[in-house]
Structures are given as structure tokens and as C-alpha cells.
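Hello,

Here is the structure I promised to pass on. My notes on the ligand site and one of the helices follow below it.

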Amino acid sequence: MGVSAAPASTPESSGRPTAARRGPTGSSADGRALLELQAVTKSYATGKVALRDVDLVVPEGDFVFLVGPSGAGKSTVIRLLIREELATKGKVLLDGRDLARLKRREVPRIRRKIGIVFQDFKLLQTKTVRDNVAFALEVTGTPRRQIAPAVDRVLRVVGLAGQADQLPPELSGGEQQRTAIARALVHDPRLFIADEPTGNLDPSISWEIIQLLLSINEMGVTVLMATHNAEVVTALRKRVVALEDGRIVRDETGAAYHREG
Ligand SMILES: Nc1ncnc2c1ncn2[C@@H]1O[C@H](COP(=O)(O)OP(=O)(O)OP(=O)(O)O)[C@@H](O)[C@H]1O
Ligand SMILES: [Mg+2]
């Protein structure tokens with residue numbers, strides 16, 4: 001797919017060269033966690049307690065699988081990280097910033113540090129692949145002359161240069177997810193979140209998507225993926241954080257989907 005050649009960095013848009021920000025091992029210069037949950041409890045308006053006293057530290061460059069039964073709280077963790085929800089108790093820190101204490105005008109800039117994809121792709125059905133990705137840059141006011149080269153670059157990263165002028169209904173599920181990944185990469189995120197990204201894909205296509213996430217991680221981007229895909233998790237032996245009923249019940253590196261031993 002040619003991903004190794006062209007990291008999804010857009011130094012033009014971030015204003016900083018990628019290399020100065022990420023060390024060769026992917027750790028930030030001062031060794032600070034990229035994201036941190038400190039004693040986080042989340043209750044929804046219904047009274048449902050979705051997370052209870054959750055502590056989680058993810059250093060820059062990590063690849064983390066978030067697993068657990070349906071309703072365990074995986075998507076709630078993700079909603080807190082993208083500041084779609086605020087913690088009821090405790091703190092959520094992204095790159096050292098307490099998300100609850102951001103000023104309103106700071107939110108978009110912090111939010112662009114995160115790329116996110118979902119099970120259902122969420123593409124604009126009447127825009128081409130190219131325009132779906134370009135739109136993400138247009139709405140953030142990226143200068144016009146920077147948009148086309150940035151879009152071309154991420155489409156090459158995800159292997160969709162040949163499908164740039166097709167509409168989502170003319171793509172396979174895997175291609176639609178790769179379009180969503182390209183759109184999520186175009187802001188040069190530090191953190192890439194995938195909430196059940198292979199949930200609508202068959203096994204071989206799921207593996208292609210996972211390979212793409214691994215190569216994104218190799219570019220220095222921290223990856224957090226919520227999944228029920230036991231085969232993928234167990235095969236890759238990455239860090240596994242398991243939630244059950246809103247609590248972290250396991251946090252192991254080199255782990256399988258299910259507890260072993
Ligand atoms: N907006 C909401 N209002 C009330 N309760 C909610 C809301 N969103 C989620 N919940 C509840 O919080 C709990 C955790 O939900 P969450 O979506 O985080 O689970 P999940 O681990 O992502 O599950 P799945 O694997 O099915 O996606 C569930 O009991 C769910 O019903
Ligand atoms: Mg979920």
C-alpha cells in the first residue's frame with residue numbers, strides 16, 4: 001500500500017515538523033502520557049454509571065486494544081476522549097490538558113489532535129472519496145492550495161488513489177472504511193481512535209484495515225481501538241485494556257483477547 005514511504009504528516013497544517021514532535025520511538029520529548037484518565041467516573045443523565053473509577057495512562061506511540069462485553073463502557077471512554085461527553089468525576093487529560101478545563105475556542109485545535117473512525121464509516125454519500133477527505137480540511141479553513149496535495153497524500157497512504165473520484169455507494173465496505181481513515185488522518189493526528197472499525201467488514205477485509213492501523217501506528221501515531229474482534233486482538237499481542245461493567249479488569253501488554261492462565 002506504500003504506507004511506509006509517506007507518513008500522514010501535514011506539517012503545513014500543524015505548523016510544526018513531525019520529526020521534532022515525535023522521537024524515533026514515538027515517545028514525546030518529555031515522556032508525558034498522550035492520554036490519561038484519572039479516577040474517571042461517568043454517569044449518564046439516565047443515572048446509568050457507564051465508567052467507575054477508571055485509571056488509564058497511554059504513552060505516545062502505544063497501540064491499545066479496548067475490549068469488553070457490549071455495554072462495558074468502551075465507547076464511553078472514546079466519547080470522553082473526543083470531549084463529546086465530560087467526566088462526572090475525575091480527569092481526562094489529552095497531551096497534558098484537562099479536557100474539562102479547555103476554553104471553548106481551544107476545543108477545535110485539541111480535537112484535531114485526534115482522528116476517529118467508526119463501525120459505520122459516516123461518509124457523506126453524495127461526495128466523492130476525494131471530496132469527503134477534502135471537506136475535513138475545508139471546514140477547518142485550510143488554505144485552498146494545501147488541500148489537494150494533503151488529500152492526495154492520505155489517499156495514497158490508505159491505498160485509494162485510484163478510487164478518488166468514486167462515491168461511497170460505489171465502494172466496497174473496506175474501501176469506505178479506508179476513506180474514513182484517510183479523512184481522519186488528514187489533520188495529522190497524534191491519536192487515532194477506532195471504535196469497532198471492522199464491525200461491518202468480513203474477516204479478510206478486517207485484516208487489511210488492521211494492517212493499515214498498524215502502519216499508522218508505525219508512523220508514530222498512538223492508536224486506540226475498541227473491538228470485539230478476538231482473532232485480531234489475540235494474533236497481534238498488543239496492549240489489551242479490558243472493561244467490564246465500567247471498570248478496568250485487565251491491562252496487559254502482549255496480551256490475548258481473553259484472559260490467559
Ligand atoms: N447517552 C447515553 N445515555 C444513557 N446511557 C448510555 C448512553 N450511552 C451509553 N449508555 C450506557 O452506558 C453503558 C456503556 O455504554 P458504551 O456505549 O460505552 O458500551 P460499549 O462497551 O461501547 O458497548 P458496545 O460493545 O455494545 O459498543 C451501557 O449500559 C449503555 O447503555
Ligand atoms: Mg461501543
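Which N or O atom in a side chain is 2.8 Å from an oxygen atom of ligand 1? That atom belongs to His 228. Before the rest, some housekeeping: this is a predicted model, where local features need pLDDT of at least 70, side-chain atom pairs count only at pLDDT 80 or more, and totals for chains, interfaces and linings use all residues. Residues are numbered from 1 along each chain as its sequence is written, chains are lettered from A and ligands numbered from 1 in the order in which they are written, and side-chain values use heavy atoms, with hydrogens and water left out.

Two further polar contacts (pairs of N or O atoms within 3.5 Å) involve ligand 1. The backbone of Ser 75 puts a polar atom 2.9 Å from an oxygen of the ligand, and a polar side-chain atom of Lys 48 lies 3.5 Å from a ligand oxygen. The protein buries 66% of the 640 Å² that ligand 1 exposes when taken alone (Shrake-Rupley method, 1.4 Å probe).

Around the ligand there are 14 residues (a heavy atom within 4 Å), with Ser 70, Gly 71, Lys 74, Thr 76 and His 228 the closest. Helix α3, residues 74–81, gives the most to this shell, namely four residues (helices are DSSP runs of H or I, at least four residues).

Now to helix α7, residues 173–185. Twelve of its 13 residues are buried (under 20% relative accessible area, 1.4 Å probe, protein chains only), among them Arg 178 and Arg 183.

Best wishes

Methods:
A polar contact is a pair of N or O atoms within 3.5 Å; within protein, one must be able to donate a hydrogen and the other to accept it, and residues adjacent in sequence count only if both atoms are side-chain atoms. Helices (H or I, at least four residues) and strands (E, at least two) are DSSP runs, numbered from the N terminus. The expected span of a helix is 1.5 Å times one less than its number of residues. Buried means under 20% relative accessible area, exposed over 50%, partly exposed in between (1.4 Å probe, protein chains only).
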